[in-house]
Amino acid sequence: MSGLNIKVKDLVKIHHTGHIEVQALRGLNLEISSGELISIIGPSGSGKSTLLNIIGGLDKATAGTVTVGDKVVTNLSVRQLVDFRRKMVGHIFQNLNLIPTLTAQENIEFSMVASGVKRDKRKKRVQELLNIVGLDARADHKPEDLSGGEQQRIAIASALANDAPILLADEPTGELDTANARIIAEHLVKINQELGKTIIMVTHDPSVARVSSRILRIEDGVIKTA
């Protein structure tokens, strides 16, 4: 499935820790076109990951709206959010998020099993995704036998397994050296260009951010530059 438009309007997120109130997002506005690859940069604690988590249905907004395609994500029920996350969003995390006891192939296949995809279709999809990330020869290897860069490429393939139109990448190169970070960035560009996915990437690495069509900066919970 090709990418979808994303519109964020007047988004507010307040965290409460005991009697302390922290406003992570302060009326943030953002529009992303279908099939766009953007990077979000900004200091630690500026609200980058919070924004991704709300767009991806992992966290609830305090106020404001997020619309993905024709779905107002901020209005969805808990059950609807589960379905939204399964079908509409692929998450890529800094910590790779692979299951250590499963092979690369089984990690990619995992979310399809949960979605009830038939075995033959799963196997075909896994092979397609291994081709995309260039790891056909590593299909039967467990994460401990893969380099950090290879693990992250398998994590990207896993995020693509259900053909979600949106990919959200939170510091996908944060644990990698410069060479592997460049490879991951190149694969995200390839996926964006060849599959038409809408990709939002949070990164602290300027060289990774530059592969995007647009770089946005968050400071104090709002977009400062675009």
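**Notes on helix packing, pockets and a cavity**

1. Let's start with the helix pairs: helix 4 passes helix 5 in a right-handed crossing. A crossing counts as right-handed if the near helix is turned clockwise from the far one by less than a right angle, and as left-handed if anticlockwise. Helices here are DSSP runs of H or I with at least four residues, strands are E runs of at least two, and both are numbered from the N terminus.

2. A word on the basis of all this: the model is predicted, so local features need pLDDT of at least 70 and side-chain atom pairs count only at pLDDT 80 or more, while totals for chains, interfaces and linings use all residues. Residues are numbered from 1 along each chain as its sequence is written, and side-chain values use heavy atoms, with hydrogens and water left out.

3. Back to the pair. Helix 4 and helix 5 pack at about 135°, and their axes lie 9 Å apart. That angle makes helix 4 oblique to helix 5 (under 35 degrees is roughly parallel, over 145 roughly antiparallel, 65 to 115 roughly perpendicular, and the rest oblique). Axes are lines fitted to C-alpha atoms, for helices over the stretch in contact, and angles run from 0 to 180 degrees between N-to-C directions.

4. Who touches whom? Arg-125, Leu-129, Leu-130 and Val-133 of helix 4 meet Arg-153, Ile-154, Ile-156, Ala-157 and Leu-160 of helix 5, where contact means heavy atoms within 4.5 Å. By class, this contact of helix 4 with helix 5 has seven nonpolar, no polar and two charged residues. Nonpolar covers Ala, Val, Leu, Ile, Met, Phe, Trp, Tyr, Cys and Pro; charged covers Asp, Glu, Lys and Arg; the others, Gly among them, are polar.

5. On to the other pair: helix 3 (residues 104-114) packs against helix 4 (residues 119-133) at about 130°, with axes 10 Å apart. This makes helix 3 oblique to helix 4, and the crossing is right-handed. From helix 3 come Gln-105, Ile-108, Glu-109, Met-112 and Val-113, which meet Arg-122, Lys-123, Arg-125, Val-126, Leu-129 and Leu-130 in helix 4. The contact of helix 3 with helix 4 divides into six nonpolar, one polar and four charged residues.

6. The largest pocket holds about 630 Å³ of space. Of its 24 lining residues, His-91, Asn-97, Phe-110, Ser-111 and Ser-158 are the closest to its centre. Strand 6 gives the most to this lining, with five residues, and the lining counts 14 nonpolar, eight polar and two charged residues. On a 1 Å grid over the protein atoms alone, a pocket is an open set of points with protein on both sides within 12 Å along at least five of seven lines; a cavity is a set where a 1.4 Å probe fits but cannot get out; lining residues have an atom within 4 Å of a point.

7. The second largest pocket has about 160 Å³ of space. Helix 4 supplies the largest share of its lining, four residues. That lining includes Met-112 and Arg-125, and by class it has three nonpolar, one polar and five charged residues.

8. Finally, the largest cavity has a volume of about 50 Å³, a volume being the space filled by probe spheres set on grid points joined across faces, edges and corners. Its lining is Leu-52, Asn-53, Leu-58, His-91, Ile-92, Phe-93, Leu-168 and Asp-170. Strand 6 gives the most to this lining, with three residues.
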